[in-house]
Amino acid sequence: MTPDIHITRKTFSALSAQDLAAWRALMTDDPQRQRAFLSPDFCAAAETAYARPVAVVMVHQRADARLVGVLPVQARASLVGTLGVYEPVAGVMNDYFGLLAAPELRVSPERLLASGGIGCIDFSHLDETQARH
């Protein structure tokens, strides 16, 4: 586990230009992380199309405040969403879901969700690259 990290959650609309630039940089550092469904542009489109806020769990290194992980999710659109159940952005339309992270990041799912204020995420599968985080 990466010990010295700080995990927060913001709504997509509350992200600064600096947050979005760091997110895009995290995506372009490695071809494995260049996934449209994990991009800020997809989250912006989904937030508009579904009229539901996108929540972004952000992981920063404490030492230099560098963004090392992003987990974009949306609250479910039904009663269970009001009870804290989240899903991938755009729900079943999204066939690639997971933590967009720098290679060195190691965080338990329990810590990531609890620190981000996410009770649980309802999803059907993760890519095998998710095992390294």
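**Notebook: rings, cysteines and charges**

I started with Phe-42, which is buried, with a relative accessible area of 18%. I call a residue buried under 20% relative accessible area, exposed over 50%, and partly exposed in between (1.4 Å probe, protein chains only). Before going on, I noted that this is a predicted model, where local features need pLDDT of at least 70 and side-chain atom pairs count only at pLDDT 80 or more, while totals for chains, interfaces and linings use all residues. Residues are numbered from 1 along each chain as its sequence is written, and side-chain values use heavy atoms, with hydrogens and water left out.

**Entry 1: aromatic rings**

I looked for aromatic pairs in the whole structure and found 3. Rings of Phe, Tyr and Trp (its six-membered ring) pair if their centres lie within 6.5 Å; planes under 30 degrees apart are stacked, over 60 edge-to-face, and the rest tilted. One of the pairs is Phe-12 with Trp-23, edge-to-face, at 6.1 Å centre to centre and 75 degrees between the planes. This pair links distant parts of the chain, 11 residues apart: Phe-12 is in the loop between β1 (5-11) and α1 (17-28), and Trp-23 is in helix α1. Helices (H or I, at least four residues) and strands (E, at least two) are DSSP runs, numbered from the N terminus. Phe-12 counts as buried at 11% relative accessibility, and Trp-23 counts as buried at 1%.

Then I came back to Phe-42. Its ring centre is 4.9 Å from that of Phe-37 and the planes are at 85 degrees, so I wrote this pair down as edge-to-face. Phe-37 is partly exposed, at 22% relative accessibility.

**Entry 2: cysteines**

How many disulfides does a search of the whole structure find? I got 0, taking a disulfide as a pair of cysteine sulfur atoms within 2.5 Å. Cys-43 is buried, at 0% relative accessible area, whereas Cys-120 is partly exposed, at 33%.

**Entry 3: salt bridges**

Side chains of opposite charge can pair when their charged atoms come close. I listed 8 salt bridges here, each a side-chain nitrogen of Lys or Arg within 4 Å of a carboxyl oxygen of Asp or Glu. Among them is Lys-10 with Asp-19, where the closest N and O atoms are 2.8 Å apart. Lys-10 is partly exposed at 32%, but Asp-19 is buried at 11%.

I also looked up Glu-87 and Arg-52, whose closest N and O atoms are 3.4 Å apart. Glu-87 lies in strand β4 (residues 85-88) and Arg-52 in the loop between α2 and β2 (54-61), 35 residues apart. Both Glu-87 and Arg-52 are buried. They belong to a network of salt bridges that links Arg-52, Arg-76, Glu-87 and Asp-122.

Glu-47 sits in helix α2 (residues 40-50).
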